[in-house]
Amino acid sequence: MDPLVTIITATYNSAATLADTLESVASQTYPKIEHLIIDGVSTDDTAAIACQYPHVARFVSEPDKGLYDAMNKGIMLASGHIIGILNSDDFYANNQVIEKIVELFQDPDTLAVYADLQYVDAVDTNKVIRHWKAGIYDQQAFYYGWMPPHPSFFVRKQLYEQCGVFNTSFRHSADYELMLRLLLRYNAPAAYLPEVVVKMRMGGQSNASFKNRWNANREDRRAWTVNGLTPYFFTLPLKPFRKIGQFLIK
(Lines give C-alpha, C1' and ligand atoms only; values in the text may rest on other atoms or scores of the structure.)
Protein backbone atom coordinates (compact mmCIF):
# COMPACT_ATOMS: atom_id res chain seq x y z
CA MET A 1 0.00 0.00 0.00
CA ASP A 2 1.32 3.44 -0.94
CA PRO A 3 1.91 5.53 2.22
CA LEU A 4 0.33 8.96 2.55
CA VAL A 5 2.88 11.78 2.34
CA THR A 6 2.17 15.06 4.11
CA ILE A 7 3.82 18.21 2.76
CA ILE A 8 3.79 21.20 5.11
CA THR A 9 4.16 24.76 3.82
CA ALA A 10 4.31 27.65 6.29
CA THR A 11 3.19 30.98 4.81
CA TYR A 12 3.08 34.63 5.74
CA ASN A 13 2.38 37.17 3.01
CA SER A 14 3.70 34.66 0.48
CA ALA A 15 1.58 35.65 -2.50
CA ALA A 16 4.57 36.52 -4.70
CA THR A 17 5.98 32.98 -4.74
CA LEU A 18 3.35 30.60 -3.36
CA ALA A 19 1.88 29.62 -6.73
CA ASP A 20 5.20 28.08 -7.81
CA THR A 21 5.30 26.05 -4.59
CA LEU A 22 1.73 24.83 -5.00
CA GLU A 23 2.16 24.00 -8.69
CA SER A 24 5.21 21.88 -7.91
CA VAL A 25 3.25 19.83 -5.39
CA ALA A 26 0.12 19.58 -7.52
CA SER A 27 2.14 18.23 -10.45
CA GLN A 28 3.72 15.34 -8.53
CA THR A 29 3.18 11.90 -10.05
CA TYR A 30 2.83 10.29 -6.63
CA PRO A 31 -0.91 9.91 -5.95
CA LYS A 32 -1.21 10.12 -2.16
CA ILE A 33 -0.16 13.59 -1.01
CA GLU A 34 -1.70 15.70 1.74
CA HIS A 35 -0.61 19.34 1.42
CA LEU A 36 -1.11 21.49 4.52
CA ILE A 37 -0.74 25.28 4.39
CA ILE A 38 -0.07 26.79 7.82
CA ASP A 39 -0.50 30.54 7.54
CA GLY A 40 0.42 33.27 10.02
CA VAL A 41 -2.59 35.51 9.21
CA SER A 42 -1.34 36.92 5.93
CA THR A 43 -2.68 40.27 4.78
CA ASP A 44 -1.96 39.76 1.07
CA ASP A 45 -3.48 37.28 -1.40
CA THR A 46 -1.89 34.18 0.14
CA ALA A 47 -5.24 32.67 1.17
CA ALA A 48 -6.87 33.38 -2.19
CA ILE A 49 -4.00 31.73 -4.06
CA ALA A 50 -3.99 28.65 -1.81
CA CYS A 51 -7.73 28.20 -2.27
CA GLN A 52 -7.28 27.94 -6.05
CA TYR A 53 -5.51 24.59 -5.70
CA PRO A 54 -7.80 21.60 -5.05
CA HIS A 55 -4.92 19.42 -3.86
CA VAL A 56 -4.50 21.58 -0.73
CA ALA A 57 -6.00 19.44 2.02
CA ARG A 58 -6.11 22.13 4.66
CA PHE A 59 -5.44 25.87 4.99
CA VAL A 60 -5.01 27.08 8.56
CA SER A 61 -4.55 30.79 9.23
CA GLU A 62 -3.93 31.92 12.79
CA PRO A 63 -1.27 33.76 14.78
CA ASP A 64 1.89 31.81 15.45
CA LYS A 65 5.23 32.28 17.18
CA GLY A 66 7.32 32.12 14.03
CA LEU A 67 8.29 29.76 11.23
CA TYR A 68 9.22 26.75 13.36
CA ASP A 69 6.06 27.05 15.45
CA ALA A 70 4.06 26.96 12.21
CA MET A 71 5.96 23.86 11.08
CA ASN A 72 5.21 22.16 14.39
CA LYS A 73 1.51 22.90 13.94
CA GLY A 74 1.68 21.21 10.57
CA ILE A 75 3.39 18.15 12.02
CA MET A 76 0.70 17.86 14.68
CA LEU A 77 -2.03 18.05 12.02
CA ALA A 78 -0.33 15.69 9.58
CA SER A 79 -2.11 12.46 8.71
CA GLY A 80 0.75 11.15 6.56
CA HIS A 81 3.17 8.40 7.49
CA ILE A 82 5.95 10.46 5.83
CA ILE A 83 6.34 14.22 6.37
CA GLY A 84 8.21 16.76 4.26
CA ILE A 85 8.45 20.53 4.60
CA LEU A 86 8.47 22.82 1.59
CA ASN A 87 8.95 26.55 2.17
CA SER A 88 6.62 28.99 0.47
CA ASP A 89 9.38 30.37 -1.79
CA ASP A 90 10.77 26.93 -2.71
CA PHE A 91 9.53 24.39 -5.24
CA TYR A 92 10.22 20.80 -6.24
CA ALA A 93 12.73 20.33 -9.04
CA ASN A 94 10.55 17.92 -11.03
CA ASN A 95 7.26 16.03 -10.82
CA GLN A 96 8.78 12.73 -9.65
CA VAL A 97 10.37 13.96 -6.42
CA ILE A 98 7.84 12.47 -4.00
CA GLU A 99 7.66 9.22 -5.94
CA LYS A 100 11.43 8.76 -5.62
CA ILE A 101 11.46 9.74 -1.95
CA VAL A 102 8.76 7.17 -1.17
CA GLU A 103 10.73 4.47 -2.99
CA LEU A 104 13.56 4.89 -0.49
CA PHE A 105 11.12 4.60 2.40
CA GLN A 106 10.13 1.14 1.16
CA ASP A 107 12.97 -0.09 3.35
CA PRO A 108 11.20 -0.36 6.74
CA ASP A 109 14.43 0.48 8.56
CA THR A 110 14.71 3.88 6.85
CA LEU A 111 13.34 6.63 9.10
CA ALA A 112 14.54 9.67 7.14
CA VAL A 113 15.44 10.53 3.55
CA TYR A 114 17.34 13.55 2.24
CA ALA A 115 18.64 14.72 -1.13
CA ASP A 116 20.36 17.62 -2.91
CA LEU A 117 19.19 21.21 -3.30
CA GLN A 118 19.91 24.17 -5.55
CA TYR A 119 19.75 27.82 -4.58
CA VAL A 120 18.39 29.82 -7.51
CA ASP A 121 18.03 33.48 -8.32
CA ALA A 122 14.95 34.97 -6.67
CA VAL A 123 13.64 36.31 -10.00
CA ASP A 124 15.21 34.05 -12.64
CA THR A 125 14.74 30.61 -11.09
CA ASN A 126 16.55 28.98 -14.00
CA LYS A 127 19.76 30.64 -12.80
CA VAL A 128 21.55 28.40 -10.30
CA ILE A 129 23.58 30.25 -7.65
CA ARG A 130 24.59 27.38 -5.37
CA HIS A 131 24.44 23.61 -5.68
CA TRP A 132 24.17 21.81 -2.34
CA LYS A 133 25.30 18.23 -2.89
CA ALA A 134 24.63 16.54 0.42
CA GLY A 135 26.44 13.24 -0.05
CA ILE A 136 26.11 10.04 1.92
CA TYR A 137 25.74 10.41 5.68
CA ASP A 138 27.90 8.65 8.23
CA GLN A 139 28.20 8.98 12.00
CA GLN A 140 31.15 11.38 11.79
CA ALA A 141 29.63 13.73 9.22
CA PHE A 142 28.17 16.32 11.62
CA TYR A 143 31.54 16.57 13.38
CA TYR A 144 33.04 17.78 10.11
CA GLY A 145 30.52 20.56 9.55
CA TRP A 146 28.04 18.53 7.50
CA MET A 147 24.28 18.89 7.46
CA PRO A 148 21.65 17.89 4.88
CA PRO A 149 19.51 20.53 3.16
CA HIS A 150 16.44 20.77 5.36
CA PRO A 151 13.89 21.32 2.53
CA SER A 152 15.03 17.97 1.11
CA PHE A 153 14.60 16.21 4.48
CA PHE A 154 11.66 13.79 4.80
CA VAL A 155 10.88 11.99 8.05
CA ARG A 156 8.56 9.21 9.16
CA LYS A 157 5.95 10.68 11.49
CA GLN A 158 6.80 8.07 14.11
CA LEU A 159 10.28 9.60 14.40
CA TYR A 160 8.82 13.00 15.28
CA GLU A 161 6.55 11.28 17.80
CA GLN A 162 9.46 9.46 19.41
CA CYS A 163 12.19 12.14 19.29
CA GLY A 164 10.31 15.44 19.24
CA VAL A 165 9.60 18.23 16.77
CA PHE A 166 11.27 21.61 16.20
CA ASN A 167 12.70 23.29 19.29
CA THR A 168 11.15 26.75 19.03
CA SER A 169 13.66 28.27 21.44
CA PHE A 170 15.89 28.34 18.34
CA ARG A 171 15.01 31.24 16.04
CA HIS A 172 17.51 30.54 13.26
CA SER A 173 18.85 27.00 13.63
CA ALA A 174 15.91 24.85 14.71
CA ASP A 175 16.25 22.85 11.50
CA TYR A 176 19.93 22.13 12.23
CA GLU A 177 19.15 21.20 15.83
CA LEU A 178 16.36 18.88 14.69
CA MET A 179 18.50 17.02 12.17
CA LEU A 180 21.43 16.83 14.58
CA ARG A 181 19.09 15.34 17.18
CA LEU A 182 17.43 12.81 14.88
CA LEU A 183 20.46 11.65 12.93
CA LEU A 184 23.34 11.93 15.41
CA ARG A 185 21.85 11.81 18.91
CA TYR A 186 19.18 9.19 18.14
CA ASN A 187 21.03 7.57 15.24
CA ALA A 188 17.94 7.38 13.00
CA PRO A 189 18.76 5.42 9.80
CA ALA A 190 18.69 7.81 6.82
CA ALA A 191 18.83 7.21 3.07
CA TYR A 192 20.30 9.59 0.49
CA LEU A 193 18.73 10.35 -2.89
CA PRO A 194 21.64 11.69 -5.01
CA GLU A 195 19.78 14.28 -7.06
CA VAL A 196 18.35 17.78 -6.73
CA VAL A 197 14.81 17.64 -5.40
CA VAL A 198 14.24 21.25 -4.28
CA LYS A 199 14.96 24.64 -5.80
CA MET A 200 15.29 27.37 -3.18
CA ARG A 201 15.16 31.07 -3.95
CA MET A 202 18.06 33.03 -2.51
CA GLY A 203 17.22 35.22 0.47
CA GLY A 204 16.05 32.79 3.17
CA GLN A 205 15.80 33.74 6.84
CA SER A 206 19.16 32.33 7.98
CA ASN A 207 21.01 33.84 5.00
CA ALA A 208 19.26 37.20 4.91
CA SER A 209 21.94 39.20 6.71
CA PHE A 210 25.31 38.90 8.41
CA LYS A 211 23.55 39.42 11.75
CA ASN A 212 21.19 36.50 11.13
CA ARG A 213 24.07 34.30 10.00
CA TRP A 214 26.04 35.22 13.14
CA ASN A 215 23.04 34.40 15.33
CA ALA A 216 22.54 31.11 13.49
CA ASN A 217 26.17 30.15 14.11
CA ARG A 218 25.76 30.86 17.83
CA GLU A 219 22.63 28.72 17.88
CA ASP A 220 24.46 25.92 16.07
CA ARG A 221 26.75 25.60 19.09
CA ARG A 222 23.77 25.51 21.45
CA ALA A 223 22.23 22.77 19.31
CA TRP A 224 25.08 20.47 20.32
CA THR A 225 24.81 21.45 23.98
CA VAL A 226 21.07 20.79 24.34
CA ASN A 227 21.59 17.34 22.85
CA GLY A 228 24.41 16.45 25.21
CA LEU A 229 26.88 16.31 22.33
CA THR A 230 30.38 17.78 22.10
CA PRO A 231 31.66 19.00 18.71
CA TYR A 232 35.30 19.04 17.75
CA PHE A 233 37.02 22.41 18.10
CA PHE A 234 36.84 22.86 14.32
CA THR A 235 33.27 21.54 13.77
CA LEU A 236 31.34 24.80 13.86
CA PRO A 237 33.98 27.00 12.14
CA LEU A 238 34.13 24.37 9.39
CA LYS A 239 30.35 24.36 8.83
CA PRO A 240 30.14 27.69 6.91
CA PHE A 241 33.34 26.93 4.98
CA ARG A 242 31.72 23.83 3.51
CA LYS A 243 29.33 26.14 1.67
CA ILE A 244 32.12 27.58 -0.48
CA GLY A 245 32.15 24.51 -2.67
CA GLN A 246 28.42 24.91 -3.31
CA PHE A 247 29.17 27.98 -5.43
CA LEU A 248 31.61 26.01 -7.59
CA ILE A 249 29.21 23.22 -8.60
CA LYS A 250 26.48 24.37 -10.97
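Entry 1: I began with Phe142. Its relative accessibility is 0%, so Phe142 counts as buried. I note here that the model is predicted.

**Entry 2: aromatic pairs.** I then searched the whole structure for aromatic pairs and got 14. One of them joins Tyr137 and Trp146. Their ring centres are 5.0 Å apart, and the planes make an angle of 35 degrees, which I logged as tilted. Tyr137 is buried at 15% relative accessibility. Trp146 is buried too, at 4%. I went back to Phe142 and looked at its ring beside that of Trp146. The centres lie 5.3 Å apart and the planes meet at 80 degrees, so I wrote this pair down as edge-to-face.

Which residues do ring pairs link into a cluster? I listed Tyr114, Tyr137, Phe142, Trp146, Tyr176 and Tyr192.

**Entry 3: charges over rings.** Next I looked for charged ends above rings. The charged end of Arg130 sits over the ring of Tyr119, 4.0 Å from the ring centre. I found Arg222 placed over Phe170, with its charged end 3.9 Å from the centre of that ring.

**Entry 4: salt bridges.** My search of the whole structure gave 5 salt bridges.

Glu62 pairs with Lys73, and their closest N and O atoms are 3.0 Å apart. Glu62 is in the loop between strand S3 (56-61) and helix H3 (67-77), while Lys73 is in helix H3, so the bridge ties together parts 11 residues apart in sequence. Is Glu62 buried or partly exposed? I read a relative accessible area of 34%, so Glu62 is partly exposed.

Lys100 and Glu195 form a salt bridge at 3.1 Å, N to O. Lys100 belongs to helix H4 (residues 97-104) and Glu195 to strand S9 (residues 190-201), so this pair ties together parts 95 residues apart in sequence. Lys100 is partly exposed at 23% relative accessibility. Glu195 is partly exposed as well, at 22%.

Glu177 and Arg181 meet at 2.6 Å, N to O, in a salt bridge. How far apart are they in helix H6? I counted 4 residues within helix H6 (residues 174-185), so about one helical turn separates them. Glu177 has a relative accessible area of 2%, so I marked it buried. Arg181 is at 6% and counts as buried. The cut-off I used for buried is under 20% relative accessible area.

Note on methods:
Residues are numbered from 1 along each chain as its sequence is written. This is a predicted model: local features need pLDDT of at least 70, side-chain atom pairs count only at pLDDT 80 or more; totals for chains, interfaces and linings use all residues. Side-chain values use heavy atoms; hydrogens and water are left out. A salt bridge is a side-chain nitrogen of Lys or Arg within 4 Å of a carboxyl oxygen of Asp or Glu. Helices (H or I, at least four residues) and strands (E, at least two) are DSSP runs, numbered from the N terminus. Buried means under 20% relative accessible area, exposed over 50%, partly exposed in between (1.4 Å probe, protein chains only). Rings of Phe, Tyr and Trp (its six-membered ring) pair if their centres lie within 6.5 Å; planes under 30 degrees apart count as stacked, over 60 as edge-to-face and the rest as tilted. A charge sits over a ring if NZ of Lys or CZ of Arg is within 6 Å of the ring centre and within 35 degrees of the ring normal.
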